[in-house]
Structures are given as C-alpha cells and as structure tokens.
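Welcome, and please take a moment to look over the sequence and the 3D view below.

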Amino acid sequence: MKATPIADAIESLCPKCGLCCNGVLFADGELQRSDRTAWLEQLGLAIFRQGGKRRFAQPCACFDGRRCSIYANRPANCAAFECGVLQRLVAGKLSAAAARKTIGLARRKFQTLERHLQKSPGDDPALPLSHRYGAAMRAPVDLAQPGGAGPHGRLLRSMETLMVLLQTEFLR
Ligand code: SF4
Ligand code: SF4
C-alpha cells in the first residue's frame, strides 16, 4: 500500500520526538468508548476516571522511547492527534529539515529542564512533566542561603522557554 504524506511524516519525525507520548506535551489522554480499555490496562496503561471520562496517564506505558508499541491499535485520540509540526510539514509550510530542527530544539530544552528537575528531592521521572515541575516548585525555598532561590528560578526559566516552544510549534 502506498504511504500517505502524513504516514511518511510520522515515520520520519515521530521516532526522533515522542513528546506527545512521554508526558511532556500531555499529562494524560482521554479514552473513547471504542477504545479497548481492559486490553490497554492489561498492557500497563494507568487508567483512571476524571469528570466521567476514562483517561490514561502519561508517560504512556506503551511508549518504548521511540515508538508506540501498539501503533495499529492505539487509542482513537492518539490516532487523531497530529501536532503542529506534522501538520505544517504535510501542508508544505515547513521543510523536513526545519521540522527536525524544531523537534531537536524541543528535546534539548526538555533535557535541560530535566537536569534541573533531577536535582529536586523526590523528583519522579515516571510522572508527567507538569506534575514533576509542580512538585519541584512546591519545594521550600531557603532564602537565608546565598542563592537559595536559584533552583526555582532556573526551573521557572527553563519551563517557560520550553512551554513557549511547545505552544507555538506543536500545539497550534
Ligand atoms: S509531538 Fe508531533 S512529531 Fe512529536 S511524536 Fe507527537 S506527533 Fe510526532
Ligand atoms: S498509546 Fe501509543 S500513541 Fe498513544 S500515548 Fe501511548 S505510546 Fe503514544
């Protein structure tokens, strides 16, 4: 079968990215009635109810670091999601090189933020980025120490620069 432009774009970009599966772009995903919830739970997805909807937590248990291990049978919302980078690439508004550059930049910004998060006591990389950031920022600041507010300031700046990039390039 001939690959579609979106399938080609997914194949070339997504294994280098993973930001919509690893807890960076989303803290969780909504499941639809058509999704095989019991099967997904057996595979290790952490499913919970919120506002009458079933949701699964990210980082997703089916993400192997590069790809979705259940790609052909992934939840409906996962199959429907196309980030802004993919959309602009397929529409011819972004070159493949520019798309790769944007993804690389976002990943580097995430890695920088993660280095700051890892210095925070109790940081749990199994949680989505927004929860890790929230926990780190709730840690007490010791203003009596020289540079006591430094870690919070670095976290804030690092998170802000990543969020601006994600909002403008991936989520619009
Ligand atoms: S954020 Fe976009 S480029 Fe990255 S893995 Fe998801 S769909 Fe692919
Ligand atoms: S089910 Fe697959 S596509 Fe959906 S979040 Fe998990 S790894 Fe990503």
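## Before we start

This is a predicted model, in which local features need pLDDT of at least 70 and side-chain atom pairs count only at pLDDT 80 or more, while totals for chains, interfaces and linings use all residues. Residues are numbered from 1 along each chain as its sequence is written, chains are lettered from A and ligands numbered from 1 in the order in which they are written, and side-chain values use heavy atoms, with hydrogens and water left out.

## The overall layout

The protein has seven helices and three strands. Here helices (H or I, at least four residues) and strands (E, at least two) are DSSP runs, numbered from the N terminus. Reading from the N terminus, the order of elements is α-β-α-β-β-α-α-α-α-α. The C-alpha trace spans about 65 × 40 × 25 Å along its principal axes.

Of the 172 residues, 36% are buried. Buried means under 20% relative accessible area, exposed means over 50%, and partly exposed is in between (1.4 Å probe, protein chains only). The protein exposes about 10300 Å², and carbon and sulfur atoms supply 56% of that area. Accessible areas come from the Shrake-Rupley method with a 1.4 Å probe; for residues, only the protein chains shown count as cover.

A contact means heavy atoms within 4.5 Å. Among the contacts with a separation of 6 or more, 64% are between residues 24 or more positions apart.

## Charges and the pairs they make

There are 25 positive and 14 negative side chains, and the centres of the two sets lie 5 Å apart. Lys and Arg count as positive and Asp and Glu as negative, with His and the chain ends not counted. The place of a charge is taken as NZ of Lys, CZ of Arg, CG of Asp or CD of Glu.

Side chains of opposite charge can pair when their charged atoms come close. A salt bridge is a side-chain nitrogen of Lys or Arg within 4 Å of a carboxyl oxygen of Asp or Glu. By this rule the protein has seven salt bridges, and the table shows some of them.

| Salt bridge | N to O distance |
|---|---|
| Glu11 and Arg67 | 3.2 Å |
| Arg55 and Asp28 | 2.7 Å |
| Asp123 and Arg132 | 2.8 Å |

Take the salt bridge between Glu11 and Arg67. Glu11 lies in helix α1 (residues 5–13) and Arg67 in the loop between β3 and α3, so the pair ties together parts that are 56 residues apart in sequence. Glu11 is partly exposed at 47% relative accessibility, and Arg67 is partly exposed at 36%.

Next comes the salt bridge of Arg55 with Asp28. Arg55 lies in strand β3 and Asp28 in strand β1 (residues 28–30), so this pair links parts that are 27 residues apart in sequence. Both Arg55 and Asp28 are buried. Salt bridges with shared partners join Asp28, Glu30, Lys53 and Arg55 into one network.

In the salt bridge with Asp123, Arg132 counts as buried at 4% relative accessibility. Arg132 is one of the buried residues of helix α6 (residues 129–138), along with Leu129, Tyr133, Gly134 and Ala136. The cover over the buried residues of α6 includes α5 and α7 (150–170).

Thr37 is found in helix α2 (residues 37–42) and is buried, with a relative accessible area of 13%.

Thr102 lies in helix α5 and is buried at 14% relative accessible area. Leaving aside neighbours within four places in sequence, Thr102 is in contact with Val85, Leu165, Glu169 and Phe170.

Arg115 is in helix α5 (residues 96–118) too, and is partly exposed at 48% relative accessible area.

Finally, most peptide bonds are trans. A cis peptide bond joins Gln58 and Pro59, with omega about 5 degrees. Pro59 is in the loop between β3 (53–57) and α3 (76–80).
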